[in-house]
Amino acid sequence: MNAAKSIPHDSGPAHVSGEARYVDDYALPENCVHLAFGISEKALADFTLDLEAVCAAEGVIDVLVAADLPAKNDVSPTPDPEPMLAVGTVHYIGQPMFLVVADTHLNARRAARLGKVSYAEKTPLVTLDQAIAASSTFGDPLTFAIGDAESALAEAPHSVSGSFEIGGQEHFYLEGQAAYALPEEGDIRVVSSTQHPTEIQHKVAEALNKPFHAVRVETRRMGGGFGGKESQGNALAVSCAVVALRLNKPAKMRYDRDDDMVITGKRHDFRIKYKAGFGADGKIQSVIFEHFVKCGWALDLSHPVADRAMLHADNAYHLPNAKIVSHRLRTNTQSNTAYRGFGGPQGIIGIERVIEDIADALGLDPLAVRRANFYAAKGDLTPYHMEIEDSISTELVAQLAETSGYAKRRAEIADFNAGSPVVKRGLSLVPVKFGISFTLTFLNQAGALVHVYADGSVQLNHGGTEMGQGLNTKVAQVAARVFGLGIEAVKITATDTGKVPNTSATAASSGADLNGMACKDACDKIKARLVDFASEKWGGKVSFADGQVQVGDHTMGFADLVSEAYMARISLSATGFYKTPKVQWDRMKGKGRPFLYFAYGAAVSEVELDTLTGENRILRTDILHDVGNSLNPALDIGQVEGAFVQGAGWLTIEELRWADDGKLLTAAPATYKIPCASDAPDVFNVALWDGANLEKTIYRSKAVGEPPFVLGLSVYMALRDAVKAGGGDANFDAPATAERLLMALQT
Amino acid sequence: MVEFVLNGEVLATNDPSMTLLDFIRLKQGLTGTKEGCNEGDCGACTVQVAALEGGDLVHRAVNSCVLLMGQMQGKSVTTVEALGGDHPVQEAMVKHHGSQCGFCTPGIVMSLVAAHREGRQDHADVLAGNLCRCTGYAPILRAAEAVVEAPVPEGVDEAALISRLAGQGFTELDEFADWYVKNPDAVLVGGATEVGLVLTKELKQPAKLAFLNRIAALQNIEHEIGGMRIGAGVLLAQLRGAMAGKYPQFAEMLRRFGSVQVRNSATIGGNIANGSPIADTPPALIALEASITLRKGDKRREILLEDFYLSYGVQDRTEGEFVESIFIPEQADTLGVYKISKRFDQDISALCGAFNIVVAEGTVIKARIAFGGMAATPKRAKAVEAALMGQPWTEETITKAQAFFAEDYTPMSDQRGSAAYRMILTQNLLKRYYLEQSDTRRVRVVGGPS
């Protein structure tokens, strides 16, 4: 079956030859203008601008401030406003204040630094503590609860409590934000590196005061997204569109890497306070979490991110009594945004820290405590009152513990550590259970457009975007499977709001689930017409396989059947649609079924720590991950490997630091370090769980983009184990930089 | 005019301060080579550059975003487009699912192509300068592994093409030395890994640039009586090779200096003369008691490297004077070099320390210790050295000496590490050095003595 084959990424040959084009690679007309933002150097200040030097700079064609915008000055992904160009007051260092139009990218960047700005400074809120003290929040705290957490905590025989912080994360997509716009007879065509072409369409239309039908947005591929191109590309696309129509010239904008890191939002940093009550067997009786979420200066997607953190405060564990309170803090820093996992990983770290504390308190192996608390296969309720129907944590973890040799290695590590005074090893197994579906229920819909041409070739379009995850390959495999064709017969074209309208962002790991089903719906419609036509014409049962169609005892090529159908005036084009069943969710009440299903997985990591310096490395990682019936095992394993390393990077070496005045100190790859090749585990074994999705998803597969990101947590917990072996205090914050680890060892 | 070869075609430019990346993408429309960071840290812009080095044609992977066209005279550049799509590296990358978003891929392909030509098998080192955010590197390393045995495809005769190029720019050291006396305001360009950032990030345009990379007399490593003399134009990649046999821990530190691409461009002279307090070669060189030759016109003077650094950003160098060579006196190898950074590979040091301690009959008879990242300049730990001298080589002596680092250094806190962390590290690295000399058990997670 095509749908289960490990077919390489459809752009693989174009990637390696350099032929694959990204936004900045397209040859644009000679008269194309280039844009750059002049940005704020103060974190909170009223300001006035003197742009004389900017206007006079070499190559400058035009300079725009907020008042020059033709309609709405807003790039927010939600109804909450977020001005594209600051009006009167700036709220973080890096906020766009004016827009330079020049003949070249370099001239635009140069001119953008020449603005003379008078600031009347106010005291910014840079840290969580400052925001908490000033009660600077987005709305009231939100609470989800089940049972009576306070009473159960008081009655529990044992308890632990604590507080820790988890840093944010820069996306560091290798391709920076980029867009261009072409004026087309008063309408506009935008090409954008975005996960959300429809939102770009809406923001551009509003900025131009035009109906949506006047704006067409295309996305062929992104050079990485990870959530950072869900809303953060809006400002570039809107700028290009505004300038393109203002000057009637093509306009292009891309952020230089350092500008990208200073301007755009990142993963939310969290502080989590916890109290937990448990029995002598390690079983949790009650947990109370308090989340403090650093949202930055604008709301962006912070509410759904913070909600998802709350929805993952249980991870894979049954919490009979639980209360989760979430505070969303407004600070004068970049507006934090979507990032792979969307708050889920932060929520999960909370309960995993509780598990580790319980193990320490009872002198148990943390794995024993984890196993004691897993959800039963079905019947348990989550803290948001959803009944668990598909838990496989117990079996999956048992299998991984076996194949990774957990128990034996636990003993070997103890022996090693006894004989090694400086270098200490640590081991940890961490599970993940991750909820799949957009928690904003209406987003769980998708469309597709499928054409079968008269020669039997298939062109397919869907609402999802390709950012490297192989979505187009997977969806093409669905079409190939329905028609019984080879993958080479199916071509997917650039995502285009003119082909499939009203799409949701490619986010929440939902790309293949939603668009695969929409594609199948469209293909099934065409196939049904072909079946009707063939059985009427030749009689008998109709089946499609290997490029051939069997009709009764008559066999013909797929192309031949299609050609005959065309001559008989059968429609060979169809739209498809899908909406996720069963989901319904009331976030204010904290009750419902926000997710169709859960994806499961677990990782065992072994690390080595130098107790003289805090330097460390990952010796080995074994992962067993649940993707249901895989649509493409090679692509799924690629997602698991990549997500793991990205997650491990977040919790170890990737550290965002701000100065007291709100300036981001780690705003370039020279200072912000993502993992490189030697940071991957020395031994890296990834296997896929053998089991179908219980829900009727596309060929019973499961989503894979985000869940394995959480598995990087096994590295953090293994480092915790090594710090304990070195006699240190294991309650260090994340990321576990070499500095944090060394300081933890000084106690 | 700068004359060079691009993908087999002879080209010329009269814009020596344009980056090679901009030339490739904007002037030639070859968009396979990507701009990921524009500062030499991500490798998406990696191309292969071939040049004659001592008569041999040598191929090197380099970051085109911080190479200037003035450096390209007489060189042959290969971009991903010229590989044809069927190079063994390209085929293995597809087969092993080595690309996801594909943006870093052309750079990764070029790094692997250059390494494949040399038969290298240290794949993680080869890729240290190529960031990938999607794959976690596992499939890329599998692809690299898979092509080790594949034959190198034949390409155009780059040596023949290069030999036909007539160019301008300095080739004679004397000529340059005279010119620099008359043009002391010129910015000297060795590898441009630092100057490149002035153009791409500070957006400044130095009025005068002098490209030194074709002056053969600056590129020699000579074994003289009493020591080793290293020309200021020697690449860090070449220095690593020269140190491997003699001072293996210096070579191990150089393995982690920048990345392959950076070491293939950057020079030892640049690393020294730049004056950065966190430059990685000065601590080891100071511990080895190295001296440098400064030249102005036809006058030369030799000073100890440690005396070159006067204060932050200030060196003992007069107008029109330049670093010509570095001299390392002959000595038995007792050198320990420790680079500590947030990320193991391709990172700027939080600190880098070098220890050169000689023990005779159980007593310390020589101690030279130097650190970068602990002061406004690379600096010796003289109080610690004094605390060690004449003392028995024991753990007790080490413990006592550790306290004296506080007399030598008052480090600062920044995004690479707090002052407290730096001080603890410094003390612990003395212990690491002691343990490595006296204990057989492993005391670091990577790169200990073999």
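## Holes inside the model

A cavity here is a set of grid points where a 1.4 Å probe fits but cannot get out. With that in mind, take a look at this predicted model: the structure holds 15 cavities of 30 Å³ or more.

The largest cavity has a volume of about 250 Å³. It's lined by 21 residues, and the ones closest to its centre are A:N616, A:R617, A:T652, A:I653 and A:D679. Two elements of chain A each give two or more residues to this lining: β28 (616–625) and α17 (633–651). Sort the lining by class and you get eleven nonpolar, five polar and five charged residues.

## Where two helices meet

Helix α17(A) also has a partner, α18 (residues 713–725) of chain A: their axes come within 7 Å and cross at roughly 45°.

Who touches whom? On the α17(A) side you'll find A:F644, A:A648 and A:L651, and they meet A:L713, A:S714, A:V715 and A:Y716 of α18(A). By class, this contact has six nonpolar residues, one polar and no charged ones.

## A residue tucked away in a loop

Now find A:I698, in the loop between β29 (683–688) and α18 of chain A. Is A:I698 buried or exposed? Its relative accessibility is 0%, so A:I698 counts as buried, the cut-off being under 20%.

Leaving out residues up to four places away in sequence, A:I698 touches A:V478, A:A512, A:D513, A:G516, A:M517, A:K520 and A:L631. A:A518 sits 180 residues from A:I698 along the chain, yet their C-alpha atoms are separated by 9.4 Å.

Note on methods
Residues numbered from 1 in each chain as written. Chains lettered and ligands numbered in written order. Predicted model: local features only at pLDDT ≥ 70, side-chain atom pairs only at ≥ 80, totals over all residues. Heavy atoms only, no water. 1 Å grid on protein atoms, 1.4 Å probe; cavity = no way out; pocket = protein on both sides within 12 Å on 5 of 7 lines; lining within 4 Å. Points joined across faces, edges and corners; volume = space filled by probe spheres on them. Helix = DSSP H or I, 4+ residues; strand = E, 2+ residues; numbered from the N terminus. Nonpolar A, V, L, I, M, F, W, Y, C, P; charged D, E, K, R; others polar. Axes fitted to C-alpha atoms, helices over the stretch in contact; angles between N-to-C directions. Contact = heavy atoms within 4.5 Å. Buried < 20%, exposed > 50% of the residue type's maximum accessible area, 1.4 Å probe, protein only.
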